[in-house]
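The sequence and the structure are shown first, and the description follows.

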Amino acid sequence: MTATTNNKLNSIDEFPSAVEVAKIWQQKGTQLANLGKYTEALNYLNRAITIYEDNPTALVMRAVVLIHLGQNEAALTDCDRALTINPKDKQAWLFKGVALNYLGRYEQCYASYDRALGIERRSLVYRLVQVWKGIFGVGRSDTAAMTSSS
C-alpha cells in the first residue's frame with residue numbers, strides 16, 4: 001500500500017458512523033423539544049429515525065414531541081414500535097399511557113402506566129406517573145373525584 005492509500009483509509013475512518021450521526025440528530029431534536037420548538041425537533045428526530053430505525057430512545061422522544069403537537073395516534077405508534085424493540089422501556093410505557101390518555105382510552109392508559117411502574121417502582125418514572133395520576137385523579141373512585149372537585 002502506498003502512503004496515499006493509507007491516508008484515504010484514515011480519512012474515511014474518521015467519518016462518523018450512521019448510528020453516530022443518528023444520535024447527533026436525536027440529541028439536537030431533544031434539545032429543541034426541551035426548548036419547546038416541537039416542529040423543529042420533529043424534523044431532527046425524523047432524520048435520526050430514518051438513519052437508525054431501531055433506536056427506541058429516538059422513537060420515544062419523537063412520541064413526546066408528537067404528543068405536544070397533538071398527534072397522539074402517531075405518538076402511540078412510535079411508543080408501540082419502541083416497545084417492540086425493547087419491551088422493558090419504561091419511558092415508552094409511560095408516554096404510551098400519556099398518548100392513550102389524550103385519546104380517551106383510559107383503561108389502556110392505566111394499564112400502560114402500571115407496566116411502567118412494574119418495571120421499576122422506585123424510578124423517576126414511578127414518581128412521574130404518581131404526579132400524572134394525581135393531576136388526573138387516576139385511581140380514585142368516581143365519588144371521591146366528584147367530592148374533591150366540588
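## Ser112 and its surroundings

Not counting residues up to four places away in sequence, Ser112 touches Trp93, Lys96, Gly97 and Leu100. The model described here is predicted. Ser112 itself is found in helix H7, which spans residues 106-119.

Ser112 has a relative accessibility of 2% and therefore counts as buried, the cut-off being under 20%. A polar atom of the Ser112 side chain lies 2.5 Å from the backbone oxygen of Trp93.

## Lys96 between two helices

One of the residues touched by Ser112 is Lys96, whose place is in helix H6. With a relative accessible area of 17%, Lys96 is buried, because buried means under 20%.

The side chain of Lys96 makes a polar contact with the side chain of Asp80, at 2.8 Å. Leaving aside neighbours within four places in sequence, Lys96 is in contact with Leu76, Cys79, Asp80, Leu83 and Ser112.

## Helices H5 and H6

Two packed helices are described by the angle between their axes and the distance between the axes. For helix H5 (residues 72-85) and helix H6 (residues 90-102), the axes come within 9 Å and cross at roughly 155°. This angle makes H5 roughly antiparallel to H6, since angles over 145 degrees are classed that way. The crossing in which H5 passes H6 is left-handed.

On the H5 side, the contact is made by Asn72, Ala75, Leu76, Cys79, Asp80, Ala82 and Leu83. On the H6 side, the residues are Ala92, Trp93, Phe95, Lys96, Ala99, Leu100 and Tyr102. By class, the residues of this contact between H5 and H6 divide into 11 nonpolar, one polar and two charged. Asp80 of H5 and Lys96 of H6 both take part in the contact, and their side chains form the polar contact of 2.8 Å.

## Helices H4 and H5

Helix H5 also packs with helix H4 (residues 56-68): their axes come within 8 Å and cross at roughly 165°. H4 and H5 are therefore roughly antiparallel to each other. H4 passes H5 in a left-handed crossing.

From H4, the contact involves Pro56, Leu59, Val60, Arg62, Ala63, Leu66 and Ile67. From H5, the residues are Asn72, Ala74, Ala75, Asp78, Cys79, Arg81, Ala82 and Ile85. The contact of H4 with H5 has 11 nonpolar, one polar and three charged residues. Cys79 of H5 takes part in this contact with H4, and Cys79 is also among the H5 residues that contact H6.

Val21 has its place in helix H2, residues 18-34. Its relative accessible area is 25%, so Val21 is partly exposed.

Val21 and Ile51 are 30 residues apart along the chain, and their C-alpha atoms are separated by 7.9 Å. Not counting residues up to four places away in sequence, Val21 touches Pro16 and Ile51.

## The protein as a whole

What is the pattern of the protein, read along the sequence? The pattern is α-α-α-α-α-α-α-α-α, and the protein has nine helices and zero strands.

Of the 150 residues of the protein, 35% count as buried. Among contacts with a separation of 6 or more, 46% are accounted for by residues 24 or more positions apart.

Definitions and conventions:
Residues are numbered from 1 along each chain as its sequence is written. This is a predicted model: local features need pLDDT of at least 70, side-chain atom pairs count only at pLDDT 80 or more; totals for chains, interfaces and linings use all residues. Side-chain values use heavy atoms; hydrogens and water are left out. Axes are lines fitted to C-alpha atoms, for helices over the stretch in contact, and angles run from 0 to 180 degrees between N-to-C directions. Helices (H or I, at least four residues) and strands (E, at least two) are DSSP runs, numbered from the N terminus. Angles under 35 degrees count as roughly parallel, over 145 as roughly antiparallel, 65 to 115 as roughly perpendicular and the rest as oblique. A crossing is left-handed if the near helix is turned anticlockwise from the far one by less than a right angle, and right-handed if clockwise. Contact means heavy atoms within 4.5 Å. Ala, Val, Leu, Ile, Met, Phe, Trp, Tyr, Cys and Pro count as nonpolar, Asp, Glu, Lys and Arg as charged, and the others, Gly among them, as polar. Buried means under 20% relative accessible area, exposed over 50%, partly exposed in between (1.4 Å probe, protein chains only). A polar contact is a pair of N or O atoms within 3.5 Å; within protein, one must be able to donate a hydrogen and the other to accept it, and residues adjacent in sequence count only if both atoms are side-chain atoms.
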